[in-house]
Amino acid sequence: MDIVELLLSGRRGRRVLWEFALDSEAQALSEFADHPLHSAMYYASYQVEACRGDSVITFGPGADEGRTVTVSVEELAKLISATTLLPVTDQLLQKSLESTVVHARYWQEPDGEDTLLAAPALRNALCRVAEYIVASGLTQQWLAPVDLRTQFHVEFDQPDPAGSMTSTGSSVFDKLLRWKENLILTEARARAEKPTPVTAMIGGEWWSRPSWDLRATTGVFTNQQPIGVSCVEDAFTWEQAVTRKASVPPSVKVLEISTANDWVQLCRDYGIEVTAHKRHEWYRTTGRDGAWVMPDWFAVSKDYDGVHLSIAGYLALAGECLVVDENFATLIAGWDPDQTYWFTDELRFYAEPDIWNCLDAYNEDCRWERISKN
């Protein structure tokens with residue numbers, strides 16, 4: 001599958017195409033001019049969310065009239081097709097990717113934008129954007145395997161940045177063993193306590209990543225900012241980040257996830273059932289009521305030193321219902337693009353940490369800036 005098809009096949013991939021088109025319109029028009037593409041999606045997504053009973057409101061001048069505005073997917077398609085696209089740059093792709101990750105949510109229904117972007121009537125318009133971006137050649141890194149030379153671990157809002165991540169603590173084996181024991185107990189408890197309809201509003205663990213205690217790293221954007229600083233699913237409004245460059249042994253064996261088959265085969269080889277405690281959230285985000293599995297990371301760690309989700313893999317697969325066999329399906333949720341989880345104790349952090357401040361942290365247009373070292 002080529003990268004154009006990868007982008008069109010996933011909700012995060014379609015969203016990155018939409019964000020690029022939206023940025024193109026925003027920069028082509030003045031702040032106070034009409035932005036037809038933005039406005040059309042605003043009204044269309046409001047109608048989608050309001051009709052299915054989401055808690056959405058409109059307010060301000062013209063709010064009452066706005067609630068009655070309808071925009072069809074055919075109209076949206078025409079507006080996307082008519083949008084003059086900006087020249088593709090690394091900076092624009094980074095911004096589009098960051099916006100895409102921010103809007104990921106796999107514990108409830110996709111938001112109105114993600115829902116609309118999946119409409120078949122929008123495929124050709126989005127395909128034009130995908131082909132345009134891919135033709136620039138700047139998306140080739142999205143397909144790349146983990147780069148062991150430029151891996152960075154990120155921690156947020158640490159009271160003592162200089163002391164973070166200096167000790168190893170428990171071994172990876174112990175951390176993963178506790179993770180599996182907790183997963184088994186959580187599944188058993190959910191099976192006993194939650195024999196409820198799949199539509200019941202019951203919360204729980206919706207992610208399928210490995211243990212929180214494991215070290216995870218990402219590569220860097222072309223501006224040398226670690227990807228894990230600004231591309232975090234379900235992120236908080238952090239104001240500071242500490243990044244440390246990881247020294248990774250060159251002999252490590254890393255499992256690459258870039259296609260649906262990569263993840264599905266992982267679940268076939270190392271799957272563990274998680275139906276009872278993920279059923280409600282994964283039903284809401286996919287619409288599927290059935291049995292679910294995810295990788296048993298404790299078992300995976302016996303054969304691999306790490307697992308890496310490429311940017312292209314993230315955009316194509318995150319949040320998608322992936323069929324494992326006639327009984328089970330699986331979901332990639334809670335991962336970040338270009339993220340590698342490590343199952344080895346051999347990672348080291350020799351270099352001094354870099355400190356990053358988030359400028360305008362409570363604004364959608366926030367950005368991260370590295371503090372210069374004296």
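Reader: Hi! What share of the contacts with a separation of 6 or more comes from residues 24 or more positions apart?
Author: Hello! Residues 24 or more positions apart account for 81% of those contacts in the protein, where contact means heavy atoms within 4.5 Å. Please keep in mind that this is a predicted model, in which local features need pLDDT of at least 70 and side-chain atom pairs count only at pLDDT 80 or more, while totals for chains, interfaces and linings use all residues. Residues are numbered from 1 along each chain as its sequence is written, and side-chain values use heavy atoms, with hydrogens and water left out.

Reader: Thanks! How many helices and strands are there?
Author: The protein has 14 helices and 12 strands. These are DSSP runs numbered from the N terminus: helices are H or I with at least four residues, strands are E with at least two. The radius of gyration is 21 Å, close to the 21 Å from the globule rule for 374 residues, so the protein is as compact as a globular protein of that length. That radius is taken over C-alpha atoms, and the rule is 2.2 Å times the number of residues to the power 0.38.

Reader: And how much of the protein is buried?
Author: Of the 374 residues, 52% count as buried. Buried means under 20% relative accessible area, exposed over 50%, and partly exposed in between, with a 1.4 Å probe and protein chains only.

Reader: Switching to strands: why is β1 described as largely enclosed?
Author: Six of the six residues of β1 (residues 151–156) are buried, so the strand is largely enclosed by the rest of the structure. Gln151, His153 and Glu155 cover one side, and Phe152, Val154 and Phe156 the other; all are buried.

Reader: Nice. Which strand is joined to β1 by six bridges?
Author: Strand β3 (residues 240–246), and the two run antiparallel. Two strands pair if DSSP finds at least two bridges between them. Histidine 153 stands opposite arginine 244 in β3.

Reader: What's the strand order in the open sheet of four strands?
Author: The order is β2-β10-β7-β4, with mixed pairing. β2 (216–217) and β4 (254–257) stand at the edges with a single partner strand each, so one side of each has no neighbour in the sheet. Strand β7 (residues 306–309) runs antiparallel to β10, joined by four bridges. Glycine 306 stands opposite tryptophan 342 in β10.

Reader: Why is the pair of tryptophan 263 and tryptophan 335 edge-to-face?
Author: Their ring centres are 5.9 Å apart and the planes stand at 90°, so the pair is edge-to-face. Tryptophan 263 is in helix α11 (residues 260–270) and tryptophan 335 in the loop between β9 (328–330) and β10 (339–342), 72 residues apart, so the pair links distant parts of the chain. Tryptophan 263 is buried at 1% relative accessibility, and tryptophan 335 is buried with a relative accessible area of 1%.

Reader: What lies over the face of tryptophan 212?
Author: Arginine 209, at 3.9 Å from the ring centre. A charge sits over a ring if NZ of Lys or CZ of Arg is within 6 Å of the ring centre and within 35 degrees of the ring normal. Trp212 also forms an aromatic cluster with Tyr106, Trp107, Trp206 and Trp207.

Technical notes:
Phe/Tyr/Trp six-rings, centres within 6.5 Å; stacked < 30°, edge-to-face > 60°.
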